[in-house]
Amino acid sequence: MEEHRVTELALHTQPVAGAMPAFRATVGAAELRGLCEQTRAQKARLVALWGSDETTRGGGYALHLALALGSGLLWLTLPLAREHPRYPSIADIYPCANRMQRATYDLLGIHAQDSPDQRKWVRHRAWPGGVFPLRKAFPIGTSFPPSDDRYPFVKVEGEGVHEIPVGPVHAGTIEPGHFRFSIVGEKILRLEERLCYTHKGIEKLFENMTLAEGARLAGRVSGDSTVAYAWAYAMAVEGATGTEPPSRALGLRAILLELERIANHLGDLGYLGNDVALSFGFFQFWRLKEDLLRLQGELFGHRYLMDQVVPGGVARDLPRDQAERLLARLEQIQSEVVALKAIYDDHAGAQDRFVMTGQVLPELAEKMGLVGFAGRASGIKHDLRVDYPVLPYQQAGVRMATHTRGDVAARVSVRFDEMFESMRLVRTLASQLAPGAIRAPLADCIPGKCGVGWVEGWRGEVLIALESADANRIHRAHAHDPSWQNWPLLERAVLGNIVPDFPLINKSFNLSYSGQDL
Amino acid sequence: MYRLLKQIAKTGIVSEPPPHPDETLRQIDQQLGEVILRHFGRALAIRHVDAGSCNGCELEIHSMNGPYYNLERLGIKFVASPRHADLLLVTGPVSRNMELALKRTYAATPDPKLVVAIGDCGCTGGIFGESYASSGRVSNVIPVDVAVPGCPPTPIALMQGILTAISSGGRDRA
């Protein structure tokens, strides 16, 4: 299968060692657009686009693309010149590339030619134009006086049109970002997002760390997805170092990942009730979420499971008696969620707000590259646990939850289904846990090795693409959050809806700011 | 409706006793007088500001409003604008892209006001430290009364931090 696909693209590829099927190819800038047109025609999605500085390795710069083919992940690298590094924009082929291309310019000065949108993205006022913090010659501690921060939002004009600027400090307890609504009456004509307020220099920090040290940072790219990131990071490091995590550790990682999925869906389903004035839902779901968090704190030493997945394995075992306690707690939670689902389903007020609100139809979702559970609620049938069933999902077998209406109600429905499936998976995974060690020592890494971590987190696919430097250090680690793909779809989902439904639509996606802003 | 009421009745009241203030969390001596504290102690309005966190601390702020911790029963509630707030609850590190927004939010909060910085990042800059993109801990940008460490701090620790900020701090309260 792999051979076939790669032959179709007429590419010479090298397999990337690691748990997920991945292969790597070097192409010239002249071939890029043709290749992307081919992969697009084959319905391969663009997972991530990023750049790197190769001047310390005798090169110039490089552009990287990760594409999800039927047979696995294709990591394309385009070497670029040291002077005026540039490549042809692919944002017309893959619309989700737009912001990633702009971010790549802001951080590395790699220019996407012929893109109609050349506005800055990551850069606000922290550093001036013409300075590129991810270049190797840029010391991480450099700071500048705040620069001018003008950002041209697209203006909507016409009779009765006005703007509502919201954020970066929001009315609720959420992360910072700016939303510019153009409205007529209460109806939203256009929403434009401006993100990257939480840009913390994560990718630059990685380059000052060893492979082992990076794990803790990876677990803090987006706190609500700490297991997904920590696993993706561990997978990438294990691939690069040739470390084989014990099979018990793989089973435990999957249990942790499914618990993270359950906890996040519990919390969001509560807030979705709250946002339609059903505060009953908030209190009920947050009681159940807290029941789970407390037990996680007891069993794993951290309520959100931070730092549990480590390169080589996991930090803590789950002995039989503790697994029994976990399963008993999940059974109790499940029976209550069944009752709460019946209440949500029958609640005319809630359903009136959920149904046909914030709709993303499958055709648009496909065109723009919507991913994760939101994608599955809009008919995009992809789930890494199903598409590339590596251990331990291979044994457990995941049933994909999908819907086609793409509205808030569909996302609520998929969240319920995925939570029930995760509960089943935890039971199955716990019963199949192999005996033995939970952690293998991390082998030394030679410079220039690469690794890929690709994990279906609760929100969607998380990618870590990593290359090693000397002395077990990181040359470049790119962390990609599924929110990159989904934020632009939120702009589309709200069109024609009323402003007061924005919080509800937003929560139904619940995208990460920190994961996108890095 | 019957099922909803049944669920409420079956659940009962699950709220637990609140924690006591913890003076070790205090960064600077209590500046506010008795009378103000007495008012804050019964009706405190909090504005949360995420100044660049990984969103981990936000998860626990949400938990604090859940039924077990039930912050609102203490007369403490979250408000939508700094103009309505007595206390800013700030998660960090303060990204340089959020620095101006944080300063403006602080300026928009009427005096007398309190600031509680939360999380290892809010207290010290944490794993993100100070860099081209991060100004580090919250007190590098605005004055901080109480700092609550943890990654993230538990809801109990957060409540302790807030209650410490409005306690008299060693002085006996009427």
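Among contacts in chain B between residues at least 6 apart in sequence, what percentage join residues at least 24 apart? The share is 84%. The legends below describe a predicted model.

**Figure 1. Chain B, its elements and its fold.**
Chain B has 6 helices and 5 strands. Their order along the sequence is α-α-β-α-β-β-α-β-α-β-α. Along the principal axes, its C-alpha atoms fill a box of roughly 55 × 40 × 30 Å. Of the 174 residues in chain B, 60% are buried.

**Figure 2. The interface of chain A and chain B.**
Chain A brings 64 residues to the contact, and chain B brings 48 residues. Together the two chains bury about 4600 Å². Carbon and sulfur atoms account for 62% of that area. Three residues stand out on chain A: A:Val169, A:Thr173 and A:Lys200. They supply 14% of the area that chain A buries against chain B, more than any other three residues.

**Figure 3. Polar links and helices at the interface.**
Between chain A and chain B, 29 residue pairs are in polar contact, with both residues at pLDDT 80 or more. Four helices of chain A each supply at least two residues of the side that touches chain B: α4 (202-206), α5 (214-218), α8 (279-300) and α9 (320-346). The largest share comes from α8(A), with 11 residues. By type, the side of chain A that touches chain B divides into 32 nonpolar, 17 polar and 15 charged residues.

**Figure 4. A salt bridge from chain B to chain A.**
The interface of chain A and chain B holds 3 salt bridges. One of them pairs B:Glu60 with A:Arg303. The closest N and O atoms of this pair are 2.5 Å apart. Over all chains, the structure holds 47 salt bridges.

**Figure 5. A:Asp92 and A:Arg33, a salt bridge within chain A.**
The side chains of A:Asp92 and A:Arg33 form a salt bridge, with 2.8 Å from N to O. A:Asp92 sits in the loop between β6 (86-88) and α3 (97-108) of chain A, and A:Arg33 in helix α2 (residues 29-41), so the pair ties together parts that are 59 residues apart in sequence. A:Asp92 is exposed, at 56% relative accessible area. A:Arg33 is partly exposed, at 27% relative accessibility.

A salt bridge joins the side chains of A:Glu192 and A:Arg119, at 2.6 Å from N to O. A:Glu192 belongs to strand β10 (residues 187-194) of chain A. A:Arg119 lies in the loop between β7 (111-113) and β8 (161-166) of chain A. The two residues are 73 residues apart, and the pair links distant parts of the chain. Is A:Glu192 buried or exposed? A:Glu192 counts as buried, because its relative accessibility is 4% and the cut-off for buried is under 20%.

**Figure 6. B:Arg26 and B:Glu23, a salt bridge within chain B.**
B:Arg26 and B:Glu23 meet through their side chains in a salt bridge, at 2.8 Å from N to O. B:Arg26 is buried, at 14% relative accessibility. B:Glu23 is partly exposed, with a relative accessible area of 36%.

**Figure 7. A:Asp383 and a salt-bridge network in chain A.**
Which residues are linked in this network of salt bridges? They are A:Glu258, A:Arg261, A:Arg376, A:Asp383, A:Arg385, A:Glu418 and A:Glu456. A:Asp383 lies in the loop between α12 (372-377) and α13 (384-387) of chain A. A:Asp383 counts as buried, at 1% relative accessibility. Setting aside neighbours within four places in sequence, A:Asp383 is in contact with A:Arg376, A:Met400 and A:Glu456. Of these, A:Arg376 and A:Glu456 also belong to the network.

**Figure 8. Helix α16 of chain A, mostly covered.**
Helix α16 of chain A covers residues 483-493. How many of its 11 residues are buried? The count is 10. Among them are A:Trp484, A:Trp487, A:Pro488, A:Leu489 and A:Leu490. The buried residues of α16(A) also include A:Gln485, A:Asn486 and A:Glu491.

Key. Residues numbered from 1 in each chain as written. Chains lettered and ligands numbered in written order. Predicted model: local features only at pLDDT ≥ 70, side-chain atom pairs only at ≥ 80, totals over all residues. Heavy atoms only, no water. Contact = heavy atoms within 4.5 Å. Buried area = accessible area lost by both parts, 1.4 Å probe. Salt bridge = Lys/Arg side-chain N within 4 Å of Asp/Glu carboxyl O. Polar contact = N/O pair within 3.5 Å; in protein donor to acceptor, adjacent residues only side chain to side chain. Nonpolar A, V, L, I, M, F, W, Y, C, P; charged D, E, K, R; others polar. Buried < 20%, exposed > 50% of the residue type's maximum accessible area, 1.4 Å probe, protein only.
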